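This report examines selected local features of a single chain. The sequence and coordinates are shown below.

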Amino acid sequence: MAVARTTVPVALPAQRDRNGGTRRRRPGRLVPWLFLAPALTFFALFKFWPSIEGLYLSLFHVRPYLGDQWVGLANFTRAFEDPDLRAAVGHTALDAAVQVAGSMLVGFLLALLLEAPARHVRILRTAIFLPAVTAMVAVAELWGALLFPGQYGAVNSLLGHLGVGPLPFLSSPDSALWTVMLVQIWKHAPYDMVIFIAGLVGIDRQLYEAASIDGANAWQRLRAVTLPALRPITTIVLILGMIRGLRVFTEIYVLTHGGPAGATESVVTYTYRTTVTGNDAGYSAAISTLLLATTILLTVLTLWWRNRREAD
């Protein structure tokens, strides 16, 4: 004869709370923080602390081995009056606007074309994504060789066979910045594509079926279903692209070094040149602090605008 067994639940050890009562202990409460501790330590040492130190140095005229001299807000006042910095800010704003809009548009179109789960589409998607995981230095060196301004450059040689060129892609002040923007779009559009694909996969297919039953064509389904559903994803892509555009450095430094005649000078390349060539770390720290504040302000404004749109 079988004897049924019963199990008695075991209560967790109790702790006294502040009012004298008992509360149950949560053994896994600290586990997530233990996993986050290495990353938080890394960011604290290499992100947060350098930012705080940069803010501190921006208030001084840094003199190595001689002692830093307190100047207060003089470095910030100088930054607002610097014509070279104003030109660099204009180049950075134009570069950020064009390359963010271009990479988002190209990435969205690629996402629409490559959303299908078929195997050959996955292979094509992987091939298109390769520029996004390639080091920016390697990409810039490659495009610098392809866009060599003489007739022996690869692109100009091809254009010569078509009866065009050679064109001064990176050697002319009128075209250098636009050429750098095209390289940036080529590099960053696949990254935006992957994020948009993740957003497209999450859209309920029944919405498309309902729109088709109502007689909506492809453009109407895109406008009424796809675009509204992708608003949170679009905000994420916009913020990431905006941060990326404001701190552009590697592609400009490798391709043009800020030239010709300062036509591609960005805020970060100007800050680098001020530190290394001008040996003025305090002024560079003030520029970096202003750039950080601008990035945070634009991010907050973008999130506020998105929340307001969703509330309406």
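## Helix α1 and Ile 52

In this predicted model, Ile 52 belongs to helix α1, which covers residues 31-57. Ile 52 has a relative accessible area of 51%; it is therefore classed as exposed, the cut-off being over 50%.

Thr 289 stands 237 residues from Ile 52 along the chain, yet the C-alpha atoms of the two are separated by 9.2 Å.

## Nonpolar surface patch

Leu 30, Trp 33, Leu 34, Leu 36 and Leu 40 together form a nonpolar surface patch of about 570 Å². One of these residues, Leu 30, is located in the loop that connects β2 (22-24) and α1. Leu 30 is exposed, its relative accessible area being 60%.

In general, an α-helix has 3.6 residues a turn, so residues three or four places apart point the same way.

## Ends of helix α8

Helix α8 comprises residues 205-213, and its N-terminal end is capped by Asp 204. A side-chain oxygen of Asp 204 lies 3.1 Å from the backbone nitrogen of Gln 206. Just after α8, Gly 215 adopts a positive phi of about 90 degrees.

Thr 274 is part of helix α12, residues 267-276. Its relative accessibility is 10%, so Thr 274 counts as buried, the limit being under 20%.

The side chain of Thr 274 reaches the backbone oxygen of Tyr 270 at 2.7 Å. When neighbours within four places in sequence are set aside, Thr 274 is in contact with Asn 279, Asp 280, Tyr 283 and Ser 284.

How values were computed: Residues are numbered from 1 along each chain as its sequence is written. This is a predicted model: local features need pLDDT of at least 70, side-chain atom pairs count only at pLDDT 80 or more; totals for chains, interfaces and linings use all residues. Side-chain values use heavy atoms; hydrogens and water are left out. A polar contact is a pair of N or O atoms within 3.5 Å; within protein, one must be able to donate a hydrogen and the other to accept it, and residues adjacent in sequence count only if both atoms are side-chain atoms. Helices (H or I, at least four residues) and strands (E, at least two) are DSSP runs, numbered from the N terminus. Buried means under 20% relative accessible area, exposed over 50%, partly exposed in between (1.4 Å probe, protein chains only). Patches are made of residues with over 30% relative accessible area and no salt bridge: like charges are joined within 9 Å, nonpolar side chains (Val, Leu, Ile, Met, Phe, Trp, Tyr) within 5 Å. Accessible areas come from the Shrake-Rupley method with a 1.4 Å probe; for residues, only the protein chains shown count as cover. A salt bridge is a side-chain nitrogen of Lys or Arg within 4 Å of a carboxyl oxygen of Asp or Glu. Contact means heavy atoms within 4.5 Å.
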